[in-house]
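Subject: Structure handover

Hello,

Here is the structure I promised to pass on.

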Amino acid sequence: MTATILSGKVFATQFKEEAKKEILNIKQEYGVTPGLAVIIVGENPASKVYVRNKHKACEEIGIYSEVIEMPETTTKEELIRKIDELNFRKEIHGILVQLPLPKAIAQHEEEILNEINPFKDVDGFHPINVGKLVTGQEALIPCTPHGCLKMLEASNINIDGAHAVVIGRSNIVGKPMAHLLLSKNATVTICHSHTKNLKEICKSADIIVAAIGKPKFITADMIKPGATVIDVGINRIAPKKLVGDVDFENAVNVAGAITPVPGGVGLLTIAMLMQNTVTALKMQLANQYALCYNKDINS
Ligand SMILES: Nc1nc(=O)c2c([nH]1)NC[C@@H]1CN(c3ccc(C(=O)N[C@@H](CCC(=O)O)C(=O)O)cc3)C=[N+]21
């Protein structure tokens with residue numbers, strides 16, 4: 001028996017289609033086009049590819065997209081000034097600073113990201129959005145875990161009462177993923193590099209989310225037959241060879257459903273960025289506070 005392959009491409013198309021429809025409605029009702037600004041600092045080649053793909057997705061579904069390229073030598077102050085400028089611009093509803101930042105300013109990442117107006121924080125990394133997610137308030141939710149949750153739901157995979165094991169505790173994937181699953185009534189275990197008995201814990205999981213960053217770390221013997229396996233890993237093991245955190249070739253014979261790499265969760269990340277941009281616009285239309293920056297500048 002081999003697992004159902006959860007195709008990132010199919011779900012990403014569906015999620016982008018949903019966003020596109022909403023954009024048309026909002027345009028008709030309010031005469032507003034959602035706008036996304038992506039800031040890329042420096043020359044990281046992988047980042048450039050991702051940013052280009054984000055721009056293409058925006059064009060495809062009707063989001064105004066601005067890519068702001070800043071040199072490797074950009075200072076923290078210059079980057080913060082650029083963010084402030086975008087915070088004030090009323091045709092920009094979403095702001096994303098592509099990570100990783102160049103080494104020279106990487107230690108200021110927190111301070112830089114905290115400068116983004118939480119209502120425009122389409123990555124969902126701002127502590128205000130993290131706090132809202134944890135307390136169950138309407139929030140902008142990090143794209144990758146948000147996409148994973150939506151895919152599980154769209155695939156009718158049972159989350160309520162399921163044992164979900166999240167491996168990895170990053171602020172970008174592991175922690176928000178655990179909270180999302182908890183909010184859907186899963187029993188959640190978070191594992192990480194200090195976890196003992198990882199194999200046994202994984203083996204008891206109905207849902208595994210692998211966000212470790214080590215190629216083929218999750219092997220078939222760690223998976224309960226029939227379990228759902230979501231692979232968030234993107235490991236480049238050769239110039240053109242991408243593998244996930246899961247040993248897909250063997251895991252596919254044990255799991256009930258599994259995501260491939262490439263062609264899996266990465267594509268959902270971009271689709272959810274599109275949805276988050278629409279959500280950000282809607283929150284700004286509904287919320288006075290979000291727009292007070294613009295009012296200040298216009299009055
Ligand atoms: N502020 C910020 N927000 C991000 O969301 C963010 C970021 N920084 N920095 C880098 C990571 C990575 N990321 C991906 C997006 C799309 C794919 C994707 O489309 N992957 C395809 C193609 C992969 C390929 O061929 O290179 C796939 O998995 O099939 C992967 C990874 C967003 N990130």
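Predicted model: local features only at pLDDT ≥ 70, side-chain atom pairs only at ≥ 80, totals over all residues.

**Annotated regions**

UniProt, in an unreviewed entry, gives residues 6-123 the annotation "domain: Tetrahydrofolate dehydrogenase/cyclohydrolase catalytic". That span is 53% helix and 15% strand. Its end C-alpha atoms lie 23 Å apart.

The unreviewed UniProt entry also has "domain: Tetrahydrofolate dehydrogenase/cyclohydrolase NAD(P)-binding" at residues 142-284. Here the chain is 36% helix and 19% strand. The end C-alpha atoms of this span are 18 Å apart.

Look at strand S2 (residues 35-41) next. S2 and S3 pair in the parallel sense over 7 bridges. Ile39 stands opposite Ile68 in S3.

Another open sheet has 6 strands, ordered S1-S11-S8-S7-S5-S6. Its pairing is parallel too. Strand S1 (4-5) and strand S6 (187-191) stand at the edges. Each has a single partner strand, so one side of each is left without a neighbour in the sheet.

Within this sheet, strand S8 (residues 228-231) and strand S11 (residues 257-258) run parallel and are joined by 2 bridges. Val229 stands opposite Ile258 in S11. Helix H8 (residues 174-183) lies across strand S5 (163-167), S6 and strand S7 (207-210). The angle of H8 to S6 is about 170°.

As background, strands of a sheet pair through backbone hydrogen bonds, either parallel or antiparallel.

**Helix packing**

Start with helix H1 (residues 8-30) and helix H11 (residues 265-286). Their axes are 8 Å apart, and they pack at an angle of about 20°. That makes H1 roughly parallel to H11. The crossing is left-handed. From H1 they include Phe11, Phe15, Ile23 and Tyr30. From H11 they include Leu267, Ile270, Met274 and Leu285. The residues of the contact of H1 with H11 divide into 17 nonpolar, 3 polar and 4 charged.

H1 also packs with H2. The axes of H1 and H2 come within 9 Å and cross at roughly 50°. H1 and H2 are therefore oblique to each other. Their crossing is right-handed. H1 brings Lys16, Ala19, Lys20 and Ile23 to the contact, and H2 brings Ala57, Glu60 and Ile61. By class, the contact of H1 with H2 has 4 nonpolar, no polar and 3 charged residues.

H11 has a further partner in helix H7 (residues 143-154). The axes of H7 and H11 come within 8 Å and cross at roughly 100°. H7 and H11 are therefore roughly perpendicular to each other. On the H7 side, the contact is made by Cys143, Thr144, His146, Gly147, Cys148 and Met151. On the H11 side, Val265, Leu268, Thr269, Ala271, Met272, Leu273 and Asn276 take part. By class, the contact of H7 with H11 has 8 nonpolar, 5 polar and no charged residues.

**Backbone details**

Most residues other than glycine have a negative phi, and most peptide bonds are trans. The following places are worth a look.

- Leu99 and Pro100 are joined by a cis peptide bond, with omega about 0°. Pro100 lies in the loop between S4 and helix H4 (103-106).
- Val261 and Pro262 are joined by a cis peptide bond as well, with omega about -5°. Pro262 is in the loop between S11 and H11.
- Asn197 is not a glycine, yet has a positive phi of about 55°. Asn197 lies in the loop between S6 and helix H9 (198-203).

Best wishes

Methods. Residues numbered from 1 in each chain as written. Pairing = 2+ DSSP bridges. Helix = DSSP H or I, 4+ residues; strand = E, 2+ residues; numbered from the N terminus. Contact = placed C-beta atoms within 7 Å. Axes fitted to C-alpha atoms, helices over the stretch in contact; angles between N-to-C directions. Parallel < 35°, antiparallel > 145°, perpendicular 65-115°, else oblique. Left-handed = near helix turned anticlockwise from the far one by under 90°. Nonpolar A, V, L, I, M, F, W, Y, C, P; charged D, E, K, R; others polar. UniProt positions renumbered as here; feature names shortened; annotations may be inferred.
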